[in-house]
Structures are given as structure tokens and as C-alpha cells.
Amino acid sequence: MKIDSIRIKLLLAEQEMTQTDFSVKCGVSRQNISTILLRGTCSAVTAGKLAKALGVSVREIIKEE
């Protein structure tokens, strides 16, 4: 699933959350968070975890094709 890395980074900034804080909150390793944001892809399940940790719907963090 393609995700909007810039949108996620903006949401992290708005919530004053580091990638490390984010990884703990969503239960995904910090290294995996870095890889996801760099590549812009992840599984649907992981996208759900990311969205939940940010307090948004999955639709808000995926890239429309």
C-alpha cells in the first residue's frame, strides 16, 4: 500500500512526536518506520497501525493513485 510520507511527517510534527515515540505508540520498530517513510509503502495492517497511532483514518495517510 502506498502511503503519503509527507502527510505522516506533518502529522508527527503537529503532535510533536518523534519517529521513536511514534514507533513505540504504533508497535512498529523505529527502523521499520524509517524504511516505510523512505520507501512510501507498507502493508495494509501496518498502515492501520500507523493511522491509529496518529489518530486518523487510513484514508488520510495513503496516496491516491
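User: Is the crossing of α2 and α4 left-handed or right-handed?

Analyst: A crossing is left-handed if the near helix is turned anticlockwise from the far one by less than a right angle, and right-handed if clockwise; the crossing of α2 and α4 is right-handed. Helices here are DSSP runs (H or I, at least four residues; strands are E, at least two), numbered from the N terminus. Please keep in mind that this is a predicted model, in which local features need pLDDT of at least 70 and side-chain atom pairs count only at pLDDT 80 or more, whereas totals for chains, interfaces and linings use all residues. Residues are numbered from 1 along each chain as its sequence is written, and side-chain values use heavy atoms, with hydrogens and water left out.

User: At what angle do α2 and α4 pack, and how far apart are their axes?

Analyst: Axes are lines fitted to C-alpha atoms, for helices over the stretch in contact, and angles run from 0 to 180 degrees between N-to-C directions. Here α2 and α4 pack at about 110°, and their axes are 9 Å apart. That angle makes α2 roughly perpendicular to α4 (under 35 degrees counts as roughly parallel, over 145 as roughly antiparallel, 65 to 115 as roughly perpendicular, and the rest as oblique).

User: Which residues of α2 and α4 meet?

Analyst: Contact means heavy atoms within 4.5 Å. From α2 come F22, K25 and C26, which meet K49, L50, A53 and L54 of α4. By class, this contact has five nonpolar, no polar and two charged residues, where Ala, Val, Leu, Ile, Met, Phe, Trp, Tyr, Cys and Pro count as nonpolar, Asp, Glu, Lys and Arg as charged, and the others, Gly among them, as polar.

User: How do the axes of α2 and α3 cross, and within what distance do they come?

Analyst: The axes of α2 and α3 come within 8 Å and cross at roughly 110°, which makes α2 roughly perpendicular to α3. At this contact, Q19, T20, F22, S23 and C26 in α2 meet R30, I33, S34 and L37 in α3. The classes in the contact of α2 with α3 are four nonpolar, four polar and one charged.

User: Which residues of α2 are buried, and why do they fall on the same side of the helix?

Analyst: Buried means under 20% relative accessible area, exposed over 50%, and partly exposed in between (1.4 Å probe, protein chains only). In α2, which runs over residues 19-26, the buried residues are F22, S23 and C26. They lie on the same side of α2 because they cover an arc of only 100° around the axis, the arc being that of the directions from the helix axis to the C-beta atoms. On the other side of α2, V24 and K25 are exposed. The cover over the buried residues of α2 includes α1 (5-14), α3 (30-39) and α4 (44-54).

User: Which residues are buried in α4?

Analyst: The buried residues of α4 are T46, A47, L50, A51, A53 and L54. Their arc around the axis is only 165°, which puts them on the same side of α4. V45 and K52, on the other side of α4, are exposed. The buried residues of α4 pack against α1, α2 and α3.

User: Where is V28, and which residues does V28 touch?

Analyst: V28 sits in the loop between α2 and α3, and its relative accessibility of 7% is why V28 counts as buried. Leaving out residues up to four places away in sequence, V28 touches S23, I33, I36, T46 and K49. The C-alpha atoms of V28 and K49 are separated by 8.0 Å, although these residues are 21 residues apart along the chain. T46, which lies in helix α4, counts as buried at 14% relative accessibility, and with the sequence limit of up to four places T46 touches V28 and I36.

User: What is the phi of E16?

Analyst: Most residues other than glycine have a negative phi, and most peptide bonds are trans. Phi of E16 is near 50°, a positive value in a residue other than glycine. E16 belongs to the loop between α1 and α2 and is exposed, with a relative accessible area of 73%. Two glycines also have a positive phi near 75°: G27, which follows α2, and G55, which follows α4.

User: How many residues apart along the chain are K2 and K63, and what separates their C-alpha atoms?

Analyst: K2 and K63 are 61 residues apart along the chain, while their C-alpha atoms are separated by 5.6 Å. K2 is in the segment before α1 and counts as partly exposed, at 45% relative accessibility.
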